[in-house]
Amino acid sequence: MNRPDSQSTAFRRARPSSLSSLQPIDSSPFSRASSPWLVWGSILLMWLASMLSWRLWPFAPDLLMLVLAFWAVHEPRRVPMSLAFVLGILVDVHDGTLLGEHAVSYVLVVYGALVLRRRMLHFGMWTHVLHMLPVMLLAQLIVRVLHAWLVGEWSGWDWVGAVLLTAALWPLADSVLFLPQRRHDETDSGSP
């Protein structure tokens, strides 16, 4: 009977030392975090761009959703779900659509990005597209079904093309939004 207690005590003693030797995984592809000015500036710019009339075209990508998802994956502390909700409400008010449609969509996409974040950071940019495409499709499908249920009309399937285009723009967002970090890392590695 004393034997199991001595083993559990030994395990408890050995456990903290083994956990203390673990180092956090650096999942960032760059040596420094993104600038808050870049994160918030790009979100503000895409929110302003979503106020323009081009977004009402049938296959127009939702660039605000793209940027929110992108920063939720790469800078999760700076893109909370409450920000996605507020921006979605502002877009709904601007469009005059059913209040909460964009808000629910943005919150679901940011939540999906936060859930898949650790997995996605181990893969390349094209795998990010493959991870986020189902998240964006599912978020839009939920919103379209809710809209059809509450309003009593189906809005069609044009939104699928818009979601596909939004997900296809992930590599462009990756190259543009990470451009300052790439320049900083190049100058840091080039200096003596």
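1. From the N terminus on, the elements of the chain run α-α-α-α-α-α-α-α-α. That makes nine helices and zero strands, where helices (H or I, at least four residues) and strands (E, at least two) are DSSP runs, numbered from the N terminus. The model is a predicted one, in which local features need pLDDT of at least 70 and side-chain atom pairs count only at pLDDT 80 or more, while totals for chains, interfaces and linings use all residues. Residues are numbered from 1 along each chain as its sequence is written, and side-chain values use heavy atoms, with hydrogens and water left out.

2. On the chain as a whole: 36% of the 192 residues count as buried. Buried means under 20% relative accessible area, exposed means over 50%, and partly exposed lies in between (1.4 Å probe, protein chains only). Among contacts with a separation of 6 or more, 71% join residues 24 or more positions apart; contact means heavy atoms within 4.5 Å.

3. The largest nonpolar core has 37 residues. Such a core is a set of buried Ala, Val, Leu, Ile, Met, Phe, Trp, Tyr and Cys residues joined through side-chain atoms within 4.5 Å. The members that touch the most other members are Ile43, Leu68, Trp71, Met132, Met136 and Trp170. At least two residues each come from α2 (36-49), α3 (63-74), α4 (81-95), α5 (101-120), α6 (125-151), α7 (158-168) and α8 (170-177). Helix α3 gives the most, with ten residues. As background, nonpolar side chains tend to be buried together in soluble globular proteins.

4. The pairing of α3 with α8 can be described in some detail. Their axes come within 10 Å and cross at roughly 60 degrees; axes are lines fitted to C-alpha atoms, for helices over the stretch in contact, and angles run from 0 to 180 degrees between N-to-C directions. The two helices are therefore oblique to each other, since angles under 35 degrees count as roughly parallel, over 145 as roughly antiparallel, 65 to 115 as roughly perpendicular and the rest as oblique. On the α3 side the contact is made by Leu66, Ala69, Phe70, Trp71, Val73 and His74, and on the α8 side by Trp170, Ala173, Asp174 and Leu177. By class these are eight nonpolar, one polar and one charged residues (Ala, Val, Leu, Ile, Met, Phe, Trp, Tyr, Cys and Pro count as nonpolar, Asp, Glu, Lys and Arg as charged, and the others, Gly among them, as polar).

5. Not counting residues up to four places away in sequence, Trp170 touches Leu66, Ala69, Phe70, Val73, His74, Met120, Met125, His128, Val129 and Met132. One of these, Met125, lies in helix α6 and counts as partly exposed at 26% relative accessibility. Beyond four places in sequence, Met125 is in contact with Trp170, Pro171 and Asp174. The C-alpha atoms of Met125 and Leu172, 47 residues apart along the chain, are separated by 9.9 Å.

6. Val79 is in the loop between α3 and α4. At 0% relative accessibility, Val79 counts as buried. Leaving aside neighbours within four places in sequence, Val79 is in contact with Val39, Ile43, Leu68, Trp71, Ala72 and Val110. Its C-alpha atom is 7.0 Å from that of Leu68, eleven residues apart along the chain.

7. With neighbours within four places in sequence left aside, Glu101 is in contact with Asp92, Val143 and His147, and Glu153 with His147 and Ala148. Glu101 and Arg144 are 43 residues apart in sequence and 8.3 Å apart in space, C-alpha to C-alpha.
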